Amino acid sequence: MYQEQKAHLLRALVKNVRYDGRKALEFRQITVEYGISASAEGSARVRIGGTEVLAGVKLDLGKPYPDTPDKGNLMVNAELLPMSNPKFETGPPGEQATEIARVVDRAIRESKCIDVHKLCIKEGELVWGVNIDICSMNDEGNLQDAACLAALAALKDARLPKMTENNEIDYEAKKTDEKLPIAREPVEVTVVKVGEHFFVDLLSDEEILIEARLTVAVTEKGTICALQKGGQAQLSVDDIDKMVEIAQKLAPSLRKAL
Amino acid sequence: MTEQVLVKDKEIVVPGEKLAIGMSFLPGSGAYRDSEHIVAQRLGMVSVEGKVIKLIALSGKYLPKIKDKIVGKVIDVLMTGWRMELNSPYSAVMTLKDATSEFIARGADLRQYYDLGDYVVCQVVNVTSQKLVDVSMRGPGLQKLRGGRVVEVSPQKVPRIVGKEGSMVAMIKQATGCEIIVGQNGWIWLSGEPEGEVVAEQAIRKIEQEAHLGGLTDRMATWLGDKTGKSVAPRGGAQ
């Protein structure tokens, strides 16, 4: 069956008609909502077509790591809820959830999206910790790009909470107006190679076609800040050049939704 | 206590709503008796026919009915047959005898006939009171579906998609050049040229959304005409 389904999908893709009528290098409609959670310091809901992802930012005070005494901490966690796809199970995070979290983490960390020096309150003793939690609400494909966009949107939405005199967070008081120090805005575009063709924003139904995929995180200047390769097939240097170029070209259209 | 119907005919009721009081009334499909009351079992429109009170369901999953032609998906290969998913709370079994007219040798690998994930058109041959469902593929038009795609719609909207004597589906077929098989369980299989498939799926979605509105066939004819650039006229015809 999968072979027949694959052949059928492929026949359409070669004609540059996707399962839902889009072009090969076209994203579905993207919408971003901010401030969907009152208890998080920052939160956002991102929809790419039918795919829906929530992200929340929690800020806490803690000790810095010994090797980075003057930098704030960053942690990204992703959870794929069983209600978002029948394939997802409860329990410890699986391969896909781990990958999504790590690749989003990589994009945010390596792009120096957050100016972590500004999160330091007292060197070696007290820094802000930024915890990003990503949840899938509905999976109709391309969770990776949606997750990164949601994480970035939640970071932009975040406001620092008030601190008490003995350096604890005052949850009773209203949040301050101070935003997180966002220096760059990385977004991820996952480009997929099928045969000799390249596609973006795959639907779940199309995912059986993936031969090789490359997630490219791009900042607003077009700088590449993270890469992740997946799939069985190999990629030539030429392929990677083309895929990066596609990602760089499409990234602004994703950022526009923010 | 007086015996009376508590709701108007064609009224929309929710599960648990009391429809009538009195022992002389009989619950039809979608309704049940709770001591002297007739109570709604699901969201639907009341239909009072003499003493029988039944509901026309407006939502909900497919409930298998004998002789329904449905699209099923193989979810398990058993010792002596296949288990099918029907877009329903209940799954069905198709035995070897009902599967094909071919001779199947003892100990043959059943996956060479129908493998996991395959879609087939089949017919419900038996439903027990415990909702054990048997399906068969012996009959005209019952076959394995190759390629194409399966679209899921609400089973309650299937009659609108098929149209009067299959007129609606015939119109979509003519306009898009797709092969379309509508299962009573709300699974619709379509296959054709990529562009046609996209239009056909959009058409089905549009019908599903506007199923409650009148003049749908004419509206769909215009819509399909605009989309495909062909002149599309509503016409009768067997599906």
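Chain A has four helices and ten strands. Both kinds of element are DSSP runs, numbered from the N terminus: helices are H or I with at least four residues, and strands are E with at least two. Along the sequence, the elements of chain A follow the pattern α-β-β-β-β-α-β-β-α-β-β-β-β-α. This is a predicted model, in which local features need pLDDT of at least 70, side-chain atom pairs count only at pLDDT 80 or more, and totals for chains, interfaces and linings use all residues. Residues are numbered from 1 along each chain as its sequence is written, while chains are lettered from A and ligands numbered from 1 in the order in which they are written.

Now take the overall form of chain A. Its C-alpha trace spans about 65 × 35 × 30 Å along the principal axes. Of the 258 residues in chain A, 38% are buried. A residue is buried if 20 or more other C-beta atoms lie within 10 Å of its own, exposed if 12 or fewer, and partly exposed in between, with C-beta atoms placed from the backbone.

Look next at Glu33(A). This residue sits in strand β1 (residues 30-34) of chain A. Why does Glu33(A) count as partly exposed? Because Glu33(A) has 14 C-beta neighbours inside 10 Å. Beyond its neighbours within four places in sequence, Glu33(A) is in contact with Ala44(A) and Arg45(A). Contact means that the C-beta atoms of two residues, placed from the backbone, lie within 7 Å. Glu125(A) is 92 residues from Glu33(A) in sequence and 36 Å away in space, C-alpha to C-alpha.

Move to chain B. Here four strands form an open sheet in the order β2-β7-β8-β4, with mixed pairing. Strands pair if DSSP finds at least two bridges between them. In chain B, β2 (12-13) and β4 (26-27) stand at the edges with a single partner strand each, so one side of each has no neighbour in the sheet. β2(B) pairs with strand β7 (residues 44-49) of chain B in the antiparallel sense, over two bridges. Ile12(B) has Met45(B) in β7(B) as its bridge partner.

Finally, the two chains meet. Chain A gives twelve residues to the contact, and chain B gives nine residues.
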